[in-house]
Structure formats: structure tokens, C-alpha cells
Amino acid sequence: MEEKVNVKFRLVSIDNERYAPNFEGVDFSSIPEEKLKFQYKIDTVIQMSKDTILVIPSIRYSYEGNELLIANAVFTYSVLNLDSAIILDKENQRIIVKADIFPSLVGAAYSTLRGIVYARASGTHLGKYPLPMIDVKTLVEKNGIPVRDRAAQRTNTPYF
């Protein structure tokens, strides 16, 4: 069994925040809550040369094929000695995680996006539909994780 290591990390920035409501022509009084569709995705980009991890949670509300809201943001975390926490196995094209930091990073990013959306949606038609809480284990399991081991530009991860 591989030895786990402790690492220190901190939130450096929240960038590229997007909150795009599209309420025009929508009669919210006729939308039953069970017909309002919610989708989410989480992307995580490991930037080994920068000792950073980007977590990008994205959410979408839609009703009968009409997009009502899209929101996302890029959370940049600095990880001291990232190479001791994550090892790239290029031969087998996988990562070896020696410090289980993803639950903390992904959970904090999604929860913060929930707060951003709640604050922005307050007083609007979607204000009564806060983003659902999602178990951290589920967020981590559905997380896409590309690795960049050379100096990388800002992520151009597509949002929905």
C-alpha cells in the first residue's frame, strides 16, 4: 500500500465567473418544480509545473429544452509541492494520488458556486430553486481530471 502524504493548499483566486440567466418569455408560475432540470459538471485541471489545480464547477437549469441559467467559475488552488501529492505515470497514462485533496478542493469549489448562484438568483424567478447539495464523493467520482505537466495557459475548458 502506498504511503499517503500531507500537503498544504490554499485558494488563490476565483476567476472567469459566469452567471447567465435567460428568463425572457418564461412564465415561472407555470413551471412545476419537478420539470425544472438541473445539470452539473466538474472539471479539474492539474498544472504540475505551476503547483496549481484548477477546479471548474458548472451548472445549468433548463425547462422543456430552454436554458434558463448557466453558471460557472474557475477556482485556482495553490498546492505546496504538488509533485509529492500527485505523481504522473506517463507509461500507463494515469495519475497516482498520494494526498487525497480532491474532495476538499472539489467540494469547496462547488459549494462556493452554490453560494454565488444563490446570491445572484435571490430576488429572481430562480431564487426559490437553490442549487442542490451534492455529496462530495459523487462530485469527485464525476470529476474529469486532465493533467498538464508543462507550463500551461489558462484553461479553455468548454462550459456545457
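User: Hi! What volume does the largest cavity have?
Analyst: Hi! The largest cavity in this predicted model has a volume of about 40 Å³.

User: And how many cavities of 30 Å³ or more are there?
Analyst: The count comes to one cavity of 30 Å³ or more.

User: Which residues line the largest cavity?
Analyst: The lining is made by Val117, Tyr118, Ala121, Leu126, Gly127, Tyr129, Pro130 and Leu131. By class, seven of the lining residues are nonpolar, one is polar and none is charged.

User: Let's pick Val117 from that list. Where is Val117?
Analyst: Val117 sits in helix H2.

User: Is Val117 buried or exposed, and why do you call it that?
Analyst: Val117 counts as buried because its relative accessibility is 4%, and the cut-off for buried is under 20%.

User: What does Val117 touch, leaving out residues up to four places away in sequence?
Analyst: With those left out, Val117 touches Tyr19, Ile59, Leu69, Ala71 and Leu131. Take Leu69: Val117 and Leu69 are 48 residues apart in sequence, and their C-alpha atoms are 9.6 Å apart in space. Leu131 is a contact of Val117 and also lines the largest cavity.

User: Nice. Switching to the core: how many residues does the largest nonpolar core have?
Analyst: The largest nonpolar core has 39 residues, and those with the most contacts inside it are Ile53, Val55 and Leu126. Strands E2 (37-47), E3 (52-63) and E4 (66-79), along with helices H1 (82-85) and H2 (102-121), each supply at least two residues of this core.

User: Which element gives the largest share of this core?
Analyst: That's H2, with eight residues. As general background, nonpolar side chains tend to be buried together in soluble globular proteins.

User: You named Val55. What does Val55 touch, again not counting residues up to four places away in sequence?
Analyst: Val55 touches Ile42, Asp43, Thr44, Ala73, Val74, Phe75, Tyr77, Leu105, Val106 and Ala109.

User: On to rings. How many aromatic pairs does a search of the whole structure find?
Analyst: The search finds four aromatic pairs. One of them is Phe38 with Tyr61, a tilted pair at 5.6 Å centre to centre with 55° between the planes. Phe38 belongs to strand E2 and Tyr61 to strand E3, 23 residues apart, and the pair links distant parts of the chain.

User: Last topic, the backbone. What is phi of Asn16?
Analyst: Phi of Asn16 is near 50°, a positive value in a residue other than glycine. For context, most residues other than glycine have a negative phi. Asn16 lies in strand E1, residues 9-21, and is partly exposed with a relative accessible area of 45%.

User: How about Asn81, what is its phi and where does it lie?
Analyst: Asn81 also has a positive phi, about 55°, although it is not a glycine. Asn81 lies in the loop between E4 and H1. At 45% relative accessibility, Asn81 counts as partly exposed.

Note on methods:
Residues are numbered from 1 along each chain as its sequence is written. This is a predicted model: local features need pLDDT of at least 70, side-chain atom pairs count only at pLDDT 80 or more; totals for chains, interfaces and linings use all residues. Side-chain values use heavy atoms; hydrogens and water are left out. On a 1 Å grid over the protein atoms alone, a cavity is a set of points where a 1.4 Å probe fits but cannot get out, and a pocket is an open set with protein on both sides within 12 Å along at least five of seven lines; lining residues have an atom within 4 Å of a point. Grid points are joined across faces, edges and corners, and a volume is the space filled by probe spheres set on the points. Ala, Val, Leu, Ile, Met, Phe, Trp, Tyr, Cys and Pro count as nonpolar, Asp, Glu, Lys and Arg as charged, and the others, Gly among them, as polar. A nonpolar core is a set of buried Ala, Val, Leu, Ile, Met, Phe, Trp, Tyr and Cys residues joined through side-chain atoms within 4.5 Å. Buried means under 20% relative accessible area, exposed over 50%, partly exposed in between (1.4 Å probe, protein chains only). Helices (H or I, at least four residues) and strands (E, at least two) are DSSP runs, numbered from the N terminus. Contact means heavy atoms within 4.5 Å. Rings of Phe, Tyr and Trp (its six-membered ring) pair if their centres lie within 6.5 Å; planes under 30 degrees apart count as stacked, over 60 as edge-to-face and the rest as tilted.
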